[in-house]
Amino acid sequence: MTRLSRSTARAGVMPAMAVILAIGMAATAAAQMGPRSRAHTTLQSDGAPERLPATSQAPGTQSVTATVEGDQRIIIASGIPGHAVGRFPNSGNPHSIRAQNYRITLAATPQKADRTTPARGYPFGIALNGVVFDPGAAEWYQGRPGPWQYEPLSGAVPLGLDANNAHVQPSGAYHYHGLPEGLMAQLGVSRDTHSPLIGWAADGFPIYALYGHLDGADPASPIIEHSSGYRLKQGHREPVEARGRFADAPTPGGYYDGTFVADYAYVEGQGTLDECNGTFTVTPDHPEGTYAYFLTRDWPVIPRCFAGTPSESFTAMRPARAGGRDGNREGNRPARPGGPRDGDRFGRPPQRF
């Protein structure tokens, strides 16, 4: 079971290193066209959301193909996992799993960009089984889109996650918010060996889970569990500098404990990975070496920014209409047709020190 680290809940980060982590997924004016999101007031959480047992078979048929054509990797998938899932709908998630029609085009030989790009309201990537990694949730303090976005894995807001750290969009799309436990078991992820390929990020770089080489340049180096460089900030929450419609977003108060995405800051050198949870390394699939992302046990678990340029297959991805609603991640309000799913351009990439 994925748990967010509580070890630094009060030790925090030195003030000089405490930066505002306002990675995307806050709402744009498009999101304000519909009813307000749920007005949560939770300030603190224990980092342990209830997870439903995965004892059901997902409806539909798993179908996924990945082919390389020229400089493109083309993935066609139904989004139906081959592992067991939780019961949907449930009290925290009112949606039913339905097959999707994903057609995703990625760079087959991706390149790092000059600067990182926040993941803004669209999935981070797609797993080998055709299920998307979509870590953020459209849930904000007092229902006010802006910097104080709830972290789905904090347990602050009941979202009906199953044992795979997944639940369902209004469109019927099953998606992962954390470690895909069932898929990892199927692929044989083990601390004794380098992780098998788990999937591809929206910028085309590979995604692995937890385990890789200590020395990314040496395939004979020991296997380690990679660690995130994000740490909880120190002390009590302070106002976040915001702009435009978000300038008057209320500050929740309380102390930094991981309830909100903005409770975290990246600290250079505190983990084995960069601010996008990636590193350059040799892997079984890339013996020559590649930049690669790693899912981690501690926050952010699934990366929240891209080292390369995300494909339009992801940036343009919208949930299909379901029951007359073109909703956000949890289906609490409709979005403007043709607008972002539930993200905006408020977010900025994390700073480095």
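Is Asn277 buried, partly exposed or exposed? Asn277 counts as buried, because its relative accessibility is 0%, and the cut-off for buried is under 20%. Please keep in mind that this is a predicted model.

I start with Asn277 for its backbone. Its phi is positive, about 60°, although Asn277 is not a glycine. Most residues other than glycine have a negative phi. Asn277 sits in the loop that links strand S14, residues 264-266, to S15.

That brings us to the sheet. Eight strands make up an open sheet with mixed pairing, and the order is S7-S8-S6-S5-S9-S10-S16-S15. At the edges are S7, residues 166-168, and S15, residues 278-281, each pairing on one side only. Thr281 stands opposite Thr290 in S16.

There is another positive phi, at Gln142, which is not a glycine either; the value is about 55°. Gln142 lies in the loop between strand S6, residues 132-133, and S7. Gln142 counts as partly exposed, because its relative accessibility is 31%.

Now the peptide bonds. Most peptide bonds are trans. Here, Trp299 and Pro300 are joined by a cis bond, with omega about 15°. Pro300 is in the loop between S16 and strand S17, residues 305-306. A cis bond also joins Phe88 and Pro89, with omega about 0°. Pro89 belongs to the loop between strand S2, residues 72-77, and strand S3, residues 102-107.

To go back to the opening question: Asn277 is buried, whereas Gln142 is partly exposed.

Conventions. Residues numbered from 1 in each chain as written. Predicted model: local features only at pLDDT ≥ 70, side-chain atom pairs only at ≥ 80, totals over all residues. Heavy atoms only, no water. Pairing = 2+ DSSP bridges. Helix = DSSP H or I, 4+ residues; strand = E, 2+ residues; numbered from the N terminus. Buried < 20%, exposed > 50% of the residue type's maximum accessible area, 1.4 Å probe, protein only.
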